[in-house]
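Biologist: Hi! Could you walk me through this one while I have it open?
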Amino acid sequence: MKKLLQFLSFAAGGALLCAIAMLLSYDFFTSHNRAVPYSYSQFLLEHVGSPRIVIDAGSSSAFGIEPALIEQAFGRPVIDVADNGSIPLDMKIHRIIKYARAGDTLILPWEWVYYTRDIVPQDFTDKTPDEYAAYYASQPFFDRLAFVVQHASLHNLSDAGRLYLRKDLQQVHFARIQSEMSKWPLGDRKDDLRRISYVHEINCADYIEAGGKMVPDVAWAAKQLAKLQTRRKIRVYVTWPAVAGSNCYVMENGRLPIADEARMIFERHGIAVVGEPADSYFSADHMLDTYYHVDSSAAHVRTERLIGRLREAGLQPDAADNKATLWLASEALRKLKSAP
Amino acid sequence: MLFVTREFLLGFFPIVMGAFWLALVLDLRKLLIPILLVASIVFYAWGNPAQTPILAVSILVNYCAGRAMMSLDPLLPRRKAVFVATLVFNLGLLAFFKYTNFISENLAALLGIQAHHFGIALPLGISFYTFTQIAFLADIYGKGQQQRDIASYGLFVTYFPHLIAGPIIHWREVMPQFEMLGRKDSLALGSGAYASLLVEGTCLFSIGLLKKLLIADQLAVFVDLGYKSVPSLGFADAWLLSLAYTFQLYFDFSGYADMAVGISLLLGIRIPYNFNSPYRADSIQDFWRRWHMTLSRWLRDYLYIPLGGNRGSELLTYRNLFLTFLLGGLWHGAAWTFVMWGALHGAACCLHKAWSSAGLALPRPVAVVLTFLFVNITWIYFRAPDIHTANVLLQSMAAPDLAAPARLFAACPLLIIGAIIVWLCPNSQAIAAMDWRGRVALAGALSGAAAITAMIATNTSVLSPFIYFNF
């Protein structure tokens with residue numbers, strides 16, 4: 001029995017040490033790999049100072065919002081850091097907690113999958129060595145430990161190591177940032193050329209997943225955002241994603257149940273929820289390659305409606321003479337490049 | 001089923017161990033062999049049930065032939081006829097599944113006609129279970145050995161730790177152990193002897209798993225990448241590629257062998273080791289005493305010696321030696337690259353024999369380096385998709401330039417770690433068999449580390465099959 005106990009305690013110790021070694025290796029590699037952010041939107045989030053308006057969600061808000069209109073309306077720098085719906089909600093929240101600064105205003109038009117999905121997609125995990133390294137690094141120690149053990153694989157670890165050894169990694173990241181900056185200076189990614197649908201085999205309601213059951217992470221997310229509001233003086237506005245298609249929503253008594261449930265959760269935590277799903281719901285002729293990607297004309301209409309809703313909710317134009325986002329971004333990039 | 005999948009580590013193996021221990025606790029020892037037999041069949045059939053009947057037919061034919069030979073007078077010609085017929089059956093089965101396309105392609109090339117590709121899938125482990133059974137038959141025929149229990153025989157062939165990629169066990173090694181399992185005085189769950197086996201088995205399994213997942217699988221990425229672009233590799237990259245495969249193959253195959261021996265020890269059965277630090281060999285002969293030891297033993301006992309061994313003239317001995325390696329090469333796969341690999345090793349063995357016969361010797365460090373370099377170069381033929389690719393890679397290795405490695409530089413840290421383990425650390429069986437105070441603690445720590453590594457490795461849907469599963 002004594003030997004068995006000795007064996008088991010050393011097994012637990014060996015397991016813990018091994019897990020920590022893997023975590024430290026992953027931390028070491030990814031922190032080097034993200035020294036220059038992978039994308040322009042991540043660069044904006046890390047390097048443009050507050051006060052600013054930050055739009056964060058999945059790709060629906062990379063296509064479906066015109067940040068320039070918001071910047072014009074509120075006289076503040078606006079950065080659109082929306083990227084991909086495959087990013088788990090808790091990762092989104094951890095990144096916001098890490099990079100949101102006092103004085104920032106957050107606009108969160110999360111896709112419905114954020115409310116209904118509770119998985120870590122393989123696609124997301126496979127990009128944590130590089131593209132999504134900032135998401136990984138934003139997590140607290142024990143969450144990173146759990147992520148490494150439960151989701152990351154040895155392939156991810158070796159990918160991170162290989163990227164670490166690449167001499168041109170930072171140059172590649174700089175080149176990407178500059179290329180994206182020249183095309184989409186505020187971080188959005190509008191591209192009306194993407195008109196070929198690759199979701200024609202799935203109907204809109206199934207694709208956007210607005211009919212599922214709310215996951216517990218949403219309440220946790222609301223609590224974290226509430227803390228940001230009270231402790232860091234950050235204003236948070238939750239709104240709804242842009243969608244284009246037909247029969248995308250299954251309404252009950254003229255209301256979308258999941259939106260009402262989400263509204264209740266956020267409002268309970270003192271977070272403003274602005275607008276209705278109908279404000280950003282467009283006909284199928286505004287759809288690009290997926291139901292969550294709308295064209296720029298829909299984005300324009302949606303943004304104007306959103307600006308109105310934000311004003312109604314109390315967001316006021318900034319009286320201060322703030323610099324334009326592009327100027328701030330260019331300065332930040334110049335500094336980053338000249339940093340040792 | 002692979003040893004490094006969740007279905008094996010979290011499902012199959014715990015269930016088998018649970019059933020095995022339960023039978024021991026309840027003193028239902030008669031169930032131990034059936035439990036292991038059923039487990040082995042499930043292990044084999046998992047994922048490829050269509051190939052299971054081929055294995056079953058092979059076992060039945062060999063068992064019946066063995067029974068028939070046991071019942072016949074050794075002097076009767078019919079006994080020889082049964083032996084020869086079964087040998088033809090075994091080799092025919094192997095030839096059909098493994099060499100049909102190879103023969104067809106070469107015949108077509110010879111005749112200048114279009115080759116027909118037959119859609120024949122190679123049954124997993126066929127090379128291994130065929131050799132295992134040929135040895136059994138040869139011993140019954142030549143040495144008059146007896147074996148009547150079909151369950152034990154079935155288990156001997158299908159025993160899951162070794163079934164798919166060896167070690168090639170000899171029935172004399174395991175049958176007595178299977179019989180012992182049924183005896184009350186053999187294996188007791190709480191006994192010191194079994195505890196020692198558990199510690200050794202856990203150690204070996206964990207080391208094997210870590211070797212496979214942390215080194216072999218990581219090197220595989222570079223090897224696959226390198227072999228996709230052989231013509232564009234420079235001198236340094238070509239050398240790195242060859243070294244990466246040399247280490248990948250060792251850590252993959254010896255990792256599998258360690259896991260196989262370790263699993264078997266947990267079940268109270270000791271199967272032979274397959275490796276003994278082969279890259280420390282100081283001659284090609286020494287290498288084959290340390291690499292895939294059970295295959296070398298099989299080839300010696302059932303091919304080299306029946307061919308005449310060293311009983312004839314010196315020339316015949318060289319011929320036998322060369323033929324043994326040539327056929328050993330062909331056993332690995334139906335391709336000219338394997339034939340070339342076998343031929344090179346055969347020629348090297350002949351050369352070494354002549355060298356030693358002349359009383360010549362090199363200082364050991366030089367001999368080790370030379371042997372390693374030779375083995376490293378010949379592995380190129382073993383891995384390359386064709387002879388031309390292998391030759392292109394060798395040409396790059398023989399054309400020095402000062403350019404830094406561009407593609408495979410990132411493999412260097414792993415190669416350094418691999419080299420330290422291969423040349424400076426005690427090998428896995430030495431670690432597992434160490435008789436010192438911290439043995440239990442070491443086994444515990446290794447198994448914990450292996451469990452976490454396996455968990456992390458299996459967080460992806462990308463499979464990591466063992467290289468020798470292809471043979």
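Biologist: Which residues of α3(B) meet α5(B)?
Modeller: In this predicted model, Ile54(B), Leu55(B), Ser58(B), Ile59(B), Asn62(B), Ala65(B), Gly66(B), Met69(B) and Met70(B) of α3(B) are in contact (heavy atoms within 4.5 Å) with α5(B) residues Tyr129(B), Gln133(B), Phe136(B), Leu137(B), Ile140(B) and Tyr141(B). By class, 11 of the contact residues are nonpolar, four are polar and none is charged. Here Ala, Val, Leu, Ile, Met, Phe, Trp, Tyr, Cys and Pro count as nonpolar, Asp, Glu, Lys and Arg as charged, and the others, Gly among them, as polar.

Biologist: Nice. At what angle do α3(B) and α5(B) pack?
Modeller: About 5 degrees, with the axes of α3 (residues 52-71) and α5 (residues 126-143) of chain B 10 Å apart. So α3(B) is roughly parallel to α5(B), a label for angles under 35 degrees. Axes are lines fitted to C-alpha atoms over the stretch in contact, with angles from 0 to 180 degrees between N-to-C directions. Helices are DSSP runs (H or I, at least four residues) and strands are E runs of at least two, numbered from the N terminus.

Biologist: Switching topic: how many residues of chain B are in contact with chain A?
Modeller: 26 residues of chain B, facing 22 of chain A. About 2100 Å² is buried between the chains, 73% of it on carbon and sulfur atoms; that is accessible area (1.4 Å probe) lost on being put together, summed over both. Val440(B), Ile456(B) and Asn459(B) supply 26% of the area chain B buries there, more than any other three residues.

Biologist: Which helix gives the most to the side of chain B that touches chain A?
Modeller: α18(B), with 13 residues. That side divides into 17 nonpolar, nine polar and no charged residues.

Note on methods. Residues are numbered from 1 along each chain as its sequence is written. Chains are lettered from A and ligands numbered from 1 in the order in which they are written. This is a predicted model: local features need pLDDT of at least 70, side-chain atom pairs count only at pLDDT 80 or more; totals for chains, interfaces and linings use all residues. Side-chain values use heavy atoms; hydrogens and water are left out. Angles under 35 degrees count as roughly parallel, over 145 as roughly antiparallel, 65 to 115 as roughly perpendicular and the rest as oblique. Buried area is the accessible area (1.4 Å probe) that two parts lose on being put together, summed over both.
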